[in-house]
Amino acid sequence: MGVYHAGSRAVQDRVGVREQADHVGRSVGRGIRDVAAAFLELQPLLVAGAAAPSTGRVWASPLTGAPGFVRATGPHRVSVTGDRLPADPLATAFATPGTPVGTIALDPRTRRRMRLNGRLGPTARGFEIEADQVFANCPKYLQKRESYEIVADRRSGDPLRGTELTPGQAEFVTVADTFFLASVHEDGADVSHRGGNPGFVRVDSPGELSWRDYPGNSMFLTLGNLAADPRAGLLFLDWTTGTALQLTGEAHTEFGPERRVRFTVRETVESPSALPLRWSAPEYSPANPVPAD
């Protein structure tokens with residue numbers, strides 16, 4: 001399939017960056033180069049995004065493991081054997097052959113990130129992905145965290161499910177400096193990163209969030225997906241306690257002097273202390289704009 005579909009092209013044309021997008025899009029391929037394979041094998045965290053087969057709702061889910069749990073097993077294939085959330089909404093998707101899946105590996109230590117999208121196939125220990133798109137992103141808006149430790153005795157609390165944000169979850173979102181955004185289109189799925197200083201995500205009500213869409217690489221893969229299909233999944237992580245907050249709903253982009261994305265919450269899953277990772281305090285990206293009051 002091509003790098004861009006009609007949704008991405010529509011957004012590129014609206015913003016006037018089609019030529020720049022074509023230039024950047026030449027970096028997208030199917031092959032997993034040696035440097036990309038080496039990067040993947042160093043990561044303790046991978047975020048995957050897909051639509052749940054039973055409901056069609058889109059979620060973003062974290063997977064963790066000792067470095068090497070994600071590894072290239074061929075020029076276009078990766079194997080994933082990591083641990084999942086106890087109440088992962090994508091558990092069935094990960095066990096369904098042919099599921100379109102997007103992934104992102106993000107390393108806060110180096111401010112590097114890599115995206116790999118393709119089709120999923122279950123394995124005895126997890127799943128593998130046959131890659132359709134492999135590419136790296138720039139370090140813009142990515143907070144630096146110098147190190148992490150594995151908290152072996154951390155135990156996950158009971159998952160909390162709902163249909164809107166609780167006051168505690170609203171506070172969690174408001175102080176976040178990072179989240180992950182899963183989206184889909186007719187031929188696949190994708191997960192992107194969004195970052196900024198705390199406050200860059202606004203809780204407008206228990207059922208709606210919004211954030212300013214900062215200038216990026218002009219590809220508009222995520223906003224293009226949302227233009228074609230508004231289903232989306234958000235993942236917020238507590239980088240200290242390991243708590244994961246997953247949201248699913250619909251998102252749309254408001255174009256104006258300030259481009260803003262609005263997300264309507266349909267379902268929430270909070271998994272306390274679910275990830276065994278504890279990261280050091282962040283050094284905020286110098287590219288982050290100061291959030292407006």
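## The lining of the largest cavity

In this predicted model, the residues that line the largest cavity divide into 10 nonpolar, eight polar and seven charged. The lining is made up of 25 residues, and those that lie nearest the centre of the cavity are His193, Arg194, Tyr214, Gly216 and Asn217.

Several elements contribute to this lining, for β6 (112-122), β12 (188-195), β14 (208-212) and α6 (221-228) each supply at least two of its residues. The largest share comes from β12, which provides four residues.

## The space itself

Rolling a probe the size of a water molecule over the atoms shows where empty space is left. When the whole structure is searched, four cavities of 30 Å³ or more are found, and the largest cavity holds about 390 Å³ of space.

## The strands beside β14

Strand β14, one of the elements that supply at least two residues to the lining of the largest cavity, also pairs with other strands, and one of these is β13 (residues 201-205), which runs antiparallel to β14 and is joined to it by four bridges. Within this pair, Arg202 stands opposite Ser210 of β14, and the two strands form a hairpin in which two residues lie between them.

Another partner of β14 is strand β17 (residues 260-271), and here the pairing is again antiparallel, extending over five bridges. In this pairing, Glu208 has Thr264 of β17 as its bridge partner.

Technical notes. Residues numbered from 1 in each chain as written. Predicted model: local features only at pLDDT ≥ 70, side-chain atom pairs only at ≥ 80, totals over all residues. Heavy atoms only, no water. 1 Å grid on protein atoms, 1.4 Å probe; cavity = no way out; pocket = protein on both sides within 12 Å on 5 of 7 lines; lining within 4 Å. Points joined across faces, edges and corners; volume = space filled by probe spheres on them. Nonpolar A, V, L, I, M, F, W, Y, C, P; charged D, E, K, R; others polar. Pairing = 2+ DSSP bridges.
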